[in-house]
Amino acid sequence: MLLNRIYNFLLGFTCCVFCKVFCSSSEFSSDGDFLLGGLFPVHEVEHATPLFSPESIKCFRHTFSESGYQMFQVMRFAVEEINNSPTLLPNVSLGYEIFDHCSDNKNFPSVFSFISQNGSIKPQGKLNTHQPKVIALTGPYGSTRTITIAPLATMDLIPMVNYGATSYTLSDKLRYPSFVRAVPSNKDLIEMILYIMKWFGWNWVAFLGGPDNYGEDGLQLFNKYIKNTGICLGYQEALSQNANYSLTLKRIDKLNINVIVVFAVPQYAKNVIKAAIANNIRDKVWIASETWSMNRQLQREPGIKTIGTVLGIRERLLSIPGFNEFINKTKETTKIYTNDNVESEIQTKTCNQDCENCTLLTAEEMIHENSTLSFAIYTAIYTIAHALHKVLQCDIKECLKNTTVKPYMLLGEIKKLDFPFHGRQVKYDGNGDPAVSYAVVQWHIETHPPWIEMVGTYDTYPEMTFTINNSLLPWRNNVPFSNCSVECKAGFSRQPVGYHDCCFLCKICPQNTYVNDSRDPYTCLPCAESEWSDEGSTTCQQRSVVYLQGTEIASIAVILSAICLFIFLIIMFIVFAQNYNTPVVRSAGGNLSFLMLVCLILSCIGMFFFFGEPTSVRCRMRSSLYAYFYTVCLFCLTVRSFQIVCVFKMAEFPNVHRLWVKYNGQWVFVTSFSVFYLIACVFWSTISPTKLFRDFFSFKDQILLTCEMAHVVTVSILLFITFFLGFLSILFSYMTRDLPKNYNESKSITFSVILNYIIWVVYYIAYIFIKSKYVMLLNALAQVLSIYAILFSYFVPKCYIMLFQSKKNTAAYFQSSIQNYTQTISRS
């Protein structure tokens with residue numbers, strides 16, 4: 001059996017190569033100065049079977065293809081038109097040798113004929129010595145057929161200017177160096193399909209391809225180019241002739257996929273559509289690749305109206321002027337030839353150059369047949385002719401016919417071509433691919449007869465443009481839904497569900513985060529510290545910077561009160577200085593009272609640093625000046641209270657009293673404490689200074705500039721010292737409650753200390769519970785009030801006596817008070 005198959009193959013090959021073919025009247029061949037090869041599917045093998053040994057085939061025994069025969073005639077017309085052209089290849093004639101190419105793996109004899117030299121095929125030799133039968137060829141139709149035979153032609157760098165093979169694999173110039181095509185590749189077709197999906201917002205699709213190179217290449221490219229586009233392939237399958245189409249469509253329908261890409265040759269596309277009709281698959285959007293987008297037979301399939309909308313992709317159709325007249329003339333010639341030369345025709349049938357049904361096809365049927373690839377064939381022949389025109393160095397009148405033309409020379413010129421052609425620009429990129437000019441078509445299958453309308457365009461020359469006229473589509477603005485999940489509202493991020501990115505739940509972004517769909521729709525991105533956002537935001541807003549300004553009414557009021565306080569203290573200092581040697585000043589502490597007034601004056605200075613934009617220096621000054629000088633003043637009060645106790649209550653301890661007076665005990669204690677406290681404050685400012693703090697947490701839309709409180713332990717120690725001094729002052733004042741009125745400071749000291757406690761307790765409560773810039777205002781106000789408390793409770797009464805009751809500011813008056821106190825003590 002194997003030997004018989006090999007014998008049949010070699011016999012067929014021998015007939016093709018060595019048999020004398022009568023060409024004068026045959027449509028399959030024509031003489032000329034340079035011969036072109038053509039491979040067209042005049043017949044189609046419906047059911048191919050795998051082969052385990054080489055075989056040749058007789059194509060005329062299989063199904064006749066009207067569209068294949070029309071392609072055949074386009075090449076003949078193009079050659080005839082070029083031969084009659086006065087400007088293109090003048091005084092040079094083109095001939096052709098055409099074969100019926102109906103099978104993927106049984107048509108090798110025709111290719112062997114093309115690459116043979118004088119009827120024989122030699123092993124690979126030098127390109128400049130090999131002269132094959134044809135200088136270039138076009139065809140065959142289909143990627144699988146082209147990939148099967150391409151290595152035979154490209155090994156000799158014979159230009160294959162193809163009209164119907166779109167597999168992107170053929171763009172690989174290392175494997176197919178002489179392959180050029182006049183139709184866009186699958187890459188361009190897939191890119192256009194993606195543009196359609198993006199245009200309508202579809203991201204949940206199914207892809208059905210065939211088992212051949214065309215379908216496999218399309219599926220591979222589709223998977224590659226949908227990455228990072230937001231489109232998900234919910235279902236994919238390469239369908240064979242025996243596949244379960246019904247089960248496939250039911251699975252797609254169960255997944256709620258409403259957009260189905262059928263990227264297959266017509267025989268598989270027919271099976272898909274017929275199965276959809278049989279299984280009552282309704283209201284889908286079918287995207288047809290260019291192989292079946294113009295299939296008129298499928299448009300008339302009974303029941304096709306129910307399947308939904310069919311959108312097809314095809315090359316922009318351009319009419320070929322003069323082609324209809326050529327067909328009419330050809331059919332008339334064929335009739336005469338058929339009637340007069342039947343016996344001669346029978347004798348010339350050989351090697352897939354035979355077509356019994358061609359004569360039965362009328363001119364009208366041929367003209368109205370699917371012409372999707374006609375212009376590509378027309379362009380392919382003119383591409384070869386223009387390249388030959390360059391190689392022969394033709395001018396307007398003649399060409400150098402004696403020039404030896406090798407296929408590789410022709411290939412070099414094809415790569416450099418750039419010429420206008422019936423409204424198109426013919427040029428090829430580095431991969432041998434042309435500029436893209438696609439059309440989106442819609443099937444009007446609801447009418448009788450059905451018809452096809454162009455609804456969109458896609459071009460890459462001179463620039464990339466894509467548009468669809470939505471008003472021409474049946475749904476207009478109510479676009480069919482084909483998404484795995486409903487798009488999230490603004491401010492919601494996607495939470496993935498399952499394997500596909502298109503399937504998700506929507507989750508609102510929390511406060512101070514936002515979602516940017518163009519950047520990352522799956523993540524709620526955090527706002528910067530200087531920004532804020534509400535829940536469910538798509539952008540962040542800039543926070544306003546807030547601090548206590550000196551121009552606010554409340555600030556002005558506190559500043560004025562501090563200025564008044566400062567003036568009062570200066571006035572009191574002057575009054576005390578003028579009455580330096582009077583009993584009232586001495587009873588107030590003498591020199592110690594001046595130190596207290598100076599401390600209070602210096603404490604006032606720190607309050608002016610609360611207003612305006614905080615800085616590290618301002619923060620330190622506002623806290624350290626008051627903390628130090630006010631505490632020294634408070635300690636002076638404590639020492640003053642203790643000194644009165646020593647004078648009146650410790651007389652029975654003369655030695656203690658003598659030592660206190662001799663060594664000036666009040667100044668020893670005040671100086672020692674002041675130095676100690678100064679060291680403590682310096683240590684505090686060095687180790688844990690009060691510094692600028694940007695509060696991002698208290699307000700969502702504001703940055704609160706404030707001064708950060710020092711370390712808790714440090715603050716606690718300083719506060720303890722202050723409160724403990726106040727406690728001692730109250731204790732000593734209580735011990736002197738029965739002293740002469742002129743020397744009794746207990747009420748004023750107690751009142752000032754208690755008032756100071758109340759003021760600061762209120763402030764710290766407000767500091768804990770209130771977050772506002774006005775907490776700083778309360779701090780300044782607390783300092784002012786605490787100074788006012790000592791001023792009005794301790795110093796003002798004494799100033800009042802010195803200014804308005806001078807009779808009480810005499811030694812006699814004070815002496816009488818002491819005597820009355822002594823008598824009262826003695827009686828008790």
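Phe77, Phe323, Phe326, Phe375, Tyr378, Tyr382, Phe419 and Phe421 form one aromatic cluster. Rings of Phe, Tyr and Trp (its six-membered ring) pair if their centres lie within 6.5 Å, with planes under 30 degrees apart counted as stacked, over 60 as edge-to-face and the rest as tilted. This is a predicted model, where local features need pLDDT of at least 70, side-chain atom pairs count only at pLDDT 80 or more, and totals for chains, interfaces and linings use all residues. Residues are numbered from 1 along each chain as its sequence is written, and side-chain values use heavy atoms, with hydrogens and water left out.

**Aromatic pairs**
- The whole structure holds 44 aromatic pairs.
- Trp292 and Trp443 have ring centres 5.6 Å apart and planes at 85°, so they pair edge-to-face.
- That pair links distant parts of the chain, 151 residues apart: Trp292 is in the loop between strand E12 (284-288) and helix H9 (296-299), and Trp443 is in strand E16 (residues 437-444). Helices (H or I, at least four residues) and strands (E, at least two) are DSSP runs, numbered from the N terminus.
- Phe673 and Tyr677 are stacked, at 5.5 Å centre to centre and 15° between the planes.
- Helix H20 (residues 665-687) carries both Phe673 and Tyr677, four residues apart, about one turn of the helix.

**Helix H13**
- Of the 18 residues of H13, 16 are buried, so the helix is largely enclosed by the rest of the structure.
- Just after H13, Gln393 takes a positive phi of about 55°.

Note on methods:
Buried < 20%, exposed > 50% of the residue type's maximum accessible area, 1.4 Å probe, protein only.
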